[in-house]
Amino acid sequence: MKGLREAALYRDGTQILGLWIADHWWSRARGLLGRPRLGRDEALLISPCNSVHGLGMTYPLDLLFLDRQGRLLRATRLAPLGMRWCRGAWGTIECAPGTIEHYQLKAGQVLTWEGHS
C-alpha cells in the first residue's frame, strides 16, 4: 500500500501474514479508509492504537489487539460502522475476515514482525 512500510508477521518463528505498518499520525488516522480490501495474506499494524472504528468501512475486519511485547490480548471481529477497543493494547492489527479462525489466533499467543527494506 502506498505510503506504508512493509513487514512480515510471525507466530512461533513462522511467517503467517504480510504486514503493512501505519505508525505515523496520518497513516494511523487513515488506516484502511479509501484503500483496497486486504487480501487473505495481508494485514495492517496500527501503532500506537488501542481502539478501532469502522466508520466509512463497507466490509468487516478481524482485529488483533497486542501489548508492547507482541502478546495477543484480544482477537475479535469488527463490523462495518462498529467500534472495538482493548485496555492495555499498544497496537492493533487489522486483518481480512476469517484470519482469526484460519490461523487459530488466541489471547496469550505472541506475534512478532520484521520489516523489509
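A: Two strands count as paired if DSSP finds at least two bridges between them, a strand itself being a DSSP run of E with at least two residues, numbered from the N terminus. This is a predicted model, in which local features need pLDDT of at least 70 and side-chain atom pairs count only at pLDDT 80 or more, while totals for chains, interfaces and linings use all residues. Residues are numbered from 1 along each chain, and side-chain values use heavy atoms, without hydrogens or water.

On that basis, strand 1, which covers residues 5-11, is joined to strand 9 by five bridges in the antiparallel sense, and within this pair Leu9 has Trp113 of strand 9 as its bridge partner. Both strands belong to an open, seven-stranded sheet whose order is 6-5-8-3-2-1-9 and whose pairing is mixed. Strand 9 (111-115) is an edge strand, pairing on one side only, and so is strand 6 (72-78).

At strand 6, the partner is strand 5 (residues 61-66), which runs antiparallel to strand 6 and is held to it by six bridges; here Leu64 stands opposite Ala75. Strand 5 and strand 6 make up a hairpin, with five residues lying between them, and in its turn Gly70 adopts a positive phi of about 90°.

Gln15 touches Ala8, Leu9 and Tyr10, leaving aside residues up to four places away in sequence, where contact means heavy atoms within 4.5 Å. With a relative accessible area of 45%, Gln15 is partly exposed, a class that lies between buried, under 20%, and exposed, over 50% (1.4 Å probe, protein chains only). Between the C-alpha atoms of Gln15 and Ala107 there are 18 Å, although the two residues are 92 residues apart along the chain.

Ser47, by contrast with a residue inside a strand, has its place in the loop that connects strand 3 (42-46) with strand 4 (51-53). Its relative accessibility is 8%, and therefore Ser47 counts as buried.

Technical notes
Helix = DSSP H or I, 4+ residues; strand = E, 2+ residues; numbered from the N terminus.
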